[in-house]
Amino acid sequence: MLFSSIPFLYYFLPCVMILYFVSIKCMKNMVLLLASLFFYAWGEPKYLIFMLISIIQGYIFGILIEKYHDKGRAKVFLSVSVLFSLILLGYCKYADFFIVNFNLVTGLSIPLLKIALPIGISFYTFQVLSYVVDVYRGDVSAQKSFINLAAYIAMFPQLIAGPIVRYSDIEEQLEKRKHSLDNIALGIRRFIIGLSKKILVANVLGELVAVFKASDEKSILFVWLYAVAYMLHIYFDFSGYSDMAIGLGSIFGFHFPENFRYPYISGSITEFWRRWHISLGSWFRDYLYIPLGGNRAGKIKWLRNIFIVWMATGLWHGAAWNFVLWGILFAILLMAEKLWFLPLLEKWRVFSHIYVLFFVLISFVIFDAVNLSEAFSCITSMFGFQNLPLGTFEAVYYLKSYAVIFIIAIVGATPLPSWLIAVVSRTKYGNVILSVAEPLILTVLLAVCTAFLIDGSFNPFLYFRF
């Protein structure tokens with residue numbers, strides 16, 4: 001079930017909100033858990049077993065790790081839990097990838113398992129992993145209530161697309177959270193803004209991406225249009241979904257961490273990854289990069305650690321070599337910045353922004369490719385190495401047709417709209433005008449999004465495959 005769907009907006013969510021707010025305090029987590037299990041089972045009920053197994057083993061090993069922490073057996077329980085989570089993730093997500101490559105290397109013909117990837121498995125696996133590791137480190141106490149832990153891991157607002165919420169982020173909120181009309185209003189506002197980013201911007205740009213892929217009249221201009229459209233599409237798609245998740249969390253009394261902070265205004269790749277998918281970057285930093293030694297183990301091991309983290313980041317996004325190459329590209333750029341370029345980038349701000357946008361654009365072409373061959377063909381086409389015409393009638397037509405949405409998306413990817421609203425709110429009558437206009441604008445946006453959904457417009461969600 002998508003957040004950006006009629007069943008979710010007008011059936012599931014209202015029913016859950018009513019049940020949740022009429023429930024007594026001790027039953028609210030149970031309502032959230034049952035709603036979340038229903039939400040997950042809606043799309044693929046048979047894969048609910050994988051999530052339940054993950055939750056059960058995380059719950060059991062969390063308690064065992066805490067109980068035997070002073071008796072030397074905690075590390076064994078931690079290792080078993082981590083290994084269990086990684087094997088389950090590996091089986092579901094990477095088994096066929098390894099079989100295909102093993103067959104290529106050996107010449108054998110081992111049949112593929114053809115396992116369908118359970119939605120959101122990468123996200124809830126990382127939540128279970130961080131929970132048991134934090135219990136082992138003594139950063140959090142093991143959760144004794146199975147209902148509370150299961151509600152945290154399975155919670156539908158962040159289940160299928162993040163942000164990756166750590167147990168430590170909401171440990172207290174699971175038992176002592178406050179509900180207020182202000183938080184509900186803020187949550188609804190954030191949700192509608194995210195929904196609008198998804199439906200009115202990301203989906204429209206996604207249509208152009210689909211048109212490009214289906215076209216037989218490729219040109220250099222059209223390839224660049226596609227690359228820019230996809231770069232903006234993936235930002236508004238994913239950040240819009242994160243906004244909806246954070247908004248839903250606020251409605252139910254939770255404060256989820258921010259996941260995006262205008263990444264396209266970054267002046268370095270280092271800064272970009274502090275602004276893009278923040279919860280994933282911080283997860284790999286705290287649970288892989290630092291345990292490997294971070295930057296404290298000498299230059300060679302430091303560079304090795306960066307490479308390992310970004311290989312893992314690439315593979316986390318998908319079981320294909322283009323994702324591996326995507327991760328390696330960022331590893332190389334980050335190494336180069338840390339060793340040589342960062343001081344220069346801080347001085348040459350205009351150049352640094354162009355540099356970031358260029359390499360992020362190239363990276364997302366690789367990210368979106370079906371395979372390495374397609375990625376190579378598309379990138380070389382952008383620079384005129386595939387004997388494509390400079391432009392065609394079709395490319396010019398789509399440039400004109402999508403010019404307005406490109407402008408909206410480019411401006412919307414910067415802090416400019418928020419800055420303008422803040423400036424207006426500080427004027428004598430601005431705050432009054434905004435207080436009246438905001439609910440009207442949000443209502444109109446919801447109505448327009450609903451119309452798009454009823455119309456059956458293009459409405460995929462990219463991160464479902466992760």
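Tyrosine 262 sits in the loop between α10 and α11, where helices (H or I, at least four residues) are DSSP runs numbered from the N terminus. The phi angle of tyrosine 262 is near 45 degrees, a positive value in a residue other than glycine. Most residues other than glycine have a negative phi. With a relative accessible area of 26%, tyrosine 262 is partly exposed; buried means under 20%, exposed over 50%, and partly exposed in between, with a 1.4 Å probe and protein chains only. Histidine 277, in the loop between α11 and α12, also has a phi near 45 degrees. Histidine 277 counts as buried, at 0% relative accessibility.

This is a predicted model, in which local features need pLDDT of at least 70 and side-chain atom pairs count only at pLDDT 80 or more, while totals for chains, interfaces and linings use all residues. Residues are numbered from 1 along each chain as its sequence is written, and side-chain values use heavy atoms, with hydrogens and water left out.

Next come the charged pairs. Side chains of opposite charge can pair when their charged atoms come close. The structure holds 10 salt bridges, each being a side-chain nitrogen of Lys or Arg within 4 Å of a carboxyl oxygen of Asp or Glu. In one of them, aspartate 286 pairs with arginine 166, and the closest N and O atoms are 2.7 Å apart. Aspartate 286 belongs to helix α12 (residues 278-289) and arginine 166 to the loop between α7 (156-159) and α8 (167-170), so this pair ties together parts that are 120 residues apart in sequence. Both aspartate 286 and arginine 166 are buried.

Glutamate 258 forms a salt bridge with arginine 190, again with the closest N and O atoms 2.7 Å apart. Because glutamate 258 lies in the loop between α10 and α11 (269-275) and arginine 190 in helix α9, the pair joins parts 68 residues apart in sequence. Glutamate 258 is partly exposed, at 28% relative accessibility. A network of salt bridges links Arg190, Lys197, Asp243 and Glu258.

A further salt bridge joins glutamate 438 and arginine 189, with 3.0 Å between the closest N and O atoms. Here helix α20 holds glutamate 438 and helix α9 holds arginine 189, 249 residues apart. Glutamate 438 is partly exposed at 37% relative accessibility, and arginine 189 is partly exposed at 30%.

Arg189 leads on to the largest pocket. Which residues lie nearest the centre of the largest pocket? They are Arg189, Ile193, Lys197, Ser418 and Ile421, out of 40 lining residues. A pocket is found on a 1 Å grid over the protein atoms alone, as an open set of points where a 1.4 Å probe fits, with protein on both sides within 12 Å along at least five of seven lines; lining residues have an atom within 4 Å of a point. About 1400 Å³ of space lies in this pocket. Helices α9 (181-214), α10 (220-251), α18 (403-412), α19 (416-425) and α20 (430-454) each supply at least two lining residues.

Last is the surface. Trp340, Phe341, Leu344, Trp348 and Phe351 form a nonpolar patch with about 580 Å² of accessible area together. Such a patch is made of residues with over 30% relative accessible area and no salt bridge, with nonpolar side chains (Val, Leu, Ile, Met, Phe, Trp, Tyr) joined within 5 Å. Helix α14 (residues 321-347) gives the largest share, three residues, and tryptophan 348 is in the loop between α14 and α15 (349-368).

Terms used
Patch = residues over 30% accessible without salt bridge, like charges linked within 9 Å, V, L, I, M, F, W, Y side chains within 5 Å. Areas by Shrake-Rupley, 256 points an atom, 1.4 Å probe, with all protein chains shown as cover. Points joined across faces, edges and corners; volume = space filled by probe spheres on them.
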